[in-house]
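Trainee: I would like to go through this model and ask what stands behind each label.
Mentor: Go ahead, and let us look at it first.

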Amino acid sequence: MISGTLSIKSLYLNGLRRVPPQASRYICLLPKMAQRKNALNRNVDGSFFVDSSCIDCGTCCYLAPDHFASSGSNSFVYSQPTTQSDISNALLALVDCPVSAIGAPNELTSQIPNNAFPLWVTENASGSVYYCGWSSKRSYGASSWLILRSDGNVLIDSPRWSSTLAKQIKKMGGVKFMILTHSDDVADHERWSNALNCERWIHENDADSAPNAEKILHGMDCFSLEEGLIIIPTPGHTAGSVVVVLGDYEQVLFSGDHLWWNQEKESLVASRNYCWWNWDEQIESIKKLDNLEVKWLLPGHGYSHKFKLGEWKVALAELINYLS
Ligand code: SF4
């Protein structure tokens, strides 16, 4: 793994995970089970497998990169987990998979705690950040994030609906706002909003994807939602894409599908192939982020990345230079 690129796994294995209060009965509430008879031939023999329902969203590869890899058309198990910590991590990928394409024997899946997610990632003076897991097929396995804040928690994009996850989030204080970064990643927002009684924010240009959203963001100016929580309109990937910045120092940037980290190239990337609206506008929107000092980049798709002081500006300048 590249230095500075921390997967959720490395946080988990380094003992940084904060277990939510009132853990836990051991229970697995998955809507569907992967079928071993449909297991992909590329899986190595062993307990875990991926079946043919895989949509190659990459989620398992980001979460458990030592065990799952993509062939280009689907993902597969290339190395079976053997230690208990590796098995626990592969089980997180099993829960997170948006189409339940990952299978394992009952004696392993019965070990999944109901508080497996949310998973602690980082924190700064403005909040503590958790990865929600439970990715949704509707958002092609996009990541969603929970921010615990003293004046009310915030959900960034929508996970797949899960009563198990909803119970955990309620135990952690519920959610005051759900910020939808763009139209692709709204998933089960309506159900989450009803269950958590939270206000949804979305930009006016993507509002047709969440027509009942309680709050609409207008215009292209940065918007300070609360102290230490800023929404920046970044049109391009979609007309109403936004990013969210947590904190004034050691900032956490929730970038939606605006840009993400490429682990192989060790660089920030934005993709013209995955630009659904206006590529020139997207490049201009990337330039809007050069006054930030990001410590953590947490995207909807692609790898997260932790930057040392000063590295963000260098990486962003390299991306802008590459795209210009
Ligand atoms: S998380 Fe599931 S759908 Fe996504 S790549 Fe892995 S096995 Fe395939």
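Trainee: Which residues does Val 244 touch, not counting residues up to four places away in sequence?
Mentor: Val 244 touches Ile 156, Ile 179, Thr 181, Ile 231 and Phe 254. Bear in mind that this is a predicted model.

Trainee: Where does Val 244 stand in the largest nonpolar core?
Mentor: That core has 84 residues, and Val 244 is among those with the most contacts inside it, along with Ala 93, Ile 102, Trp 145 and Ile 179. Helix H3 gives the most to this core, with 6 residues.

Trainee: Why is this core said to lie between domain 1 and domain 2?
Mentor: Because domain 1 (28–109) and domain 2 (119–323) both give residues to the core, it lies between them.

Trainee: How far apart are the C-alpha centres of domain 1 and domain 2, and what makes up their contact?
Mentor: The C-alpha centres lie 26 Å apart. The contact takes 11 residues from domain 1 and 12 residues from domain 2. On the side of domain 1 that touches domain 2, helix H2 (59–63) and helix H3 (84–96) each supply at least two residues. H3 has the largest share of that side, 3 residues. By class, that side of domain 1 has 8 nonpolar, 2 polar and 1 charged residues.

Trainee: What makes Asp 56 partly exposed?
Mentor: Asp 56 has 18 other C-beta atoms within 10 Å. Buried needs 20 or more and exposed needs 12 or fewer, so a count of 18 puts Asp 56 in between. Asp 56 is found in the loop between strand S1 (49–50) and H2. Its phi is near 60°, a positive value in a residue other than glycine.

Trainee: How do you know whether His 305 is buried or exposed?
Mentor: His 305 has 27 C-beta neighbours inside 10 Å, and the cut-off is 20 or more, so His 305 counts as buried. His 305 is in strand S19 (residues 305–306). The C-alpha atoms of His 305 and Cys 60 are separated by 17 Å, while the two residues are 245 apart along the chain.

Trainee: Cys 60 is also listed for the ligand; which residues there are the closest?
Mentor: The closest are Cys 54, Cys 57, Cys 60, Ser 75 and Cys 97, out of 16 residues that surround the ligand. The shell divides into 11 nonpolar, 4 polar and 1 charged.

Trainee: Why are the buried residues of H7 said to line one face of the helix?
Mentor: The buried residues of helix H7 (residues 279–287) are Gln 282, Ser 285 and Ile 286. Seen down the axis of H7, they fall within an arc of 105°, so they line one face. These buried residues pack against helix H8 (311–323).

Trainee: What makes the peptide bond from Phe 117 to Pro 118 cis or trans?
Mentor: Its omega is near 0°, and the bond is cis. Pro 118 is found in the loop between helix H4 (106–109) and strand S5 (119–124).

Technical notes: Residues numbered from 1 in each chain as written. Predicted model: local features only at pLDDT ≥ 70, side-chain atom pairs only at ≥ 80, totals over all residues. Near = placed C-beta within 6 Å. Nonpolar A, V, L, I, M, F, W, Y, C, P; charged D, E, K, R; others polar. Domains from an automatic or database assignment. Contact = placed C-beta atoms within 7 Å. Helix = DSSP H or I, 4+ residues; strand = E, 2+ residues; numbered from the N terminus. Arc of directions from axis to C-beta. Core = buried A, V, L, I, M, F, W, Y, C linked by C-beta atoms within 7 Å.
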